[in-house]
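Work through the exercises below with the sequence and the model open. Each task is followed by a solution in steps.

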Amino acid sequence: MPRFAANLTMMFNEHAFPERFQAAAAAGFPAVEYLFPYDFPAGLIAEKLSAAGLKQALFNLPSGDWAKGERGLAALPERRQEFRQSVKQAIDYGRVIGTPLLHMMAGIASPDDLAAQTAYRDALAFAADAAGAEGIGLVIEPINGRDMPGYFLDDFDRAVEIITGLDRANLKLQFDIYHRQIMRGDVLAALEAMMPLIGHVQIASVPKRNEPGTGELDDFRVLRELDRLGYEGYVGCEYRPAGETTAGLDWRTRI
Ligand SMILES: O=C(O)C(=O)[C@@H](O)CO
Ligand SMILES: [Mg+2]
């Protein structure tokens, strides 16, 4: 059975963010992930984690002005300085919170734009090296264009090619089963082929992004396949509960 991390951005929204840690632990999760910790002091997040007896699985680098539609800075050449500052901020937080992984979002840019391609590869190498110096891994995640129109990293094969090309031991793929099913399907074959490069996995049902087991894919079969393939990381539960979070958690007993 995979080890699950509750995604506190999507789950336990019945509580204010700082109270979600305790709620996730009470619901039996050993670990948590979320998009951004930056609205709170890193020390407070570390206290909440430790008081709840939780491990941190991952969080994202600052990704620009989310409310205005920004989804990362890495592929935006004109934001290079800000991007580099964001790497520093994420690593400062990561050190205090104790995260093993950071997710670097690419931004809204055309994948065919040569300047964006160069900026992205440069940003990725910079962030991987800076995180690696602190013993932290870096992941990148292909995201489907229906949820995130115009997102630069919109293809799994391209992500694999970029990761392989940069050849950094701490640079891996964030394989979100929900995005893969929407973009390409063929989930089991892709997991097997990409497993050596996978640093983090996330799951939600397709198409509604609710609890696993409520959509078109046999999510439980996919989760058992992760075990068979020897995946040892966390599986982030990055789904929107259909109702109250704890009321929908019985899917974990059906794997
Ligand atoms: O949307 C997702 O999927 C994620 O994993 C986020 O980190 C980025 O929005
Ligand atoms: Mg995801």
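The model is predicted. Its protein has a mean pLDDT of 98, and 100% of the residues reach 70 or more. The scores are ipTM 0.97 and pTM 0.98.

**Exercise 1.** Locate Phe 12 and decide whether it is buried or exposed.

Solution. Step one is the position: Phe 12 sits in the loop that runs between β1 (3-7) and α1 (17-26). Step two is the backbone: Phe 12 is not a glycine, yet its phi is positive, about 60°. For comparison, most residues other than glycine have a negative phi. Step three is the count: a residue is buried if 20 or more other C-beta atoms lie within 10 Å of its own. Phe 12 has 25 such neighbours inside 10 Å and is therefore buried.

**Exercise 2.** Which residues does the cis peptide bond join?

Solution. The bond links Val 206 to Pro 207, with omega about 10°. Pro 207 belongs to the loop between β7 (198-203) and α8 (219-228). From Val 206, go on to Ala 247, 41 residues apart along the chain; the two C-alpha atoms are separated by 20 Å. Ala 247 is in the segment after β8 (234-237). Ala 247 counts as exposed because it has 10 C-beta neighbours inside 10 Å.

**Exercise 3.** How do the axes of α3 and α4 cross?

Solution. Take α3 as residues 80-97 and α4 as residues 114-132. Their axes come within 10 Å and cross at roughly 25°. Angles under 35 degrees count as roughly parallel, so α3 is roughly parallel to α4. The crossing of α3 past α4 is right-handed.

**Exercise 4.** What classes of residue make up the shell around ligand 1?

Solution. First list the residues around ligand 1: Leu 35, Asn 60, His 103, Met 105, Glu 141, Ile 143, Asp 176, His 179, Gln 202 and Glu 238. Then sort them by class, which gives three nonpolar, four polar and three charged residues.

Methods
Residues numbered from 1 in each chain as written. Chains lettered and ligands numbered in written order. Predicted model: local features only at pLDDT ≥ 70, side-chain atom pairs only at ≥ 80, totals over all residues. pLDDT = per-residue confidence, 0-100. Helix = DSSP H or I, 4+ residues; strand = E, 2+ residues; numbered from the N terminus. Buried ≥ 20, exposed ≤ 12 C-beta atoms within 10 Å, placed from the backbone. Near = placed C-beta within 6 Å. Nonpolar A, V, L, I, M, F, W, Y, C, P; charged D, E, K, R; others polar. Axes fitted to C-alpha atoms, helices over the stretch in contact; angles between N-to-C directions. Parallel < 35°, antiparallel > 145°, perpendicular 65-115°, else oblique. Left-handed = near helix turned anticlockwise from the far one by under 90°.
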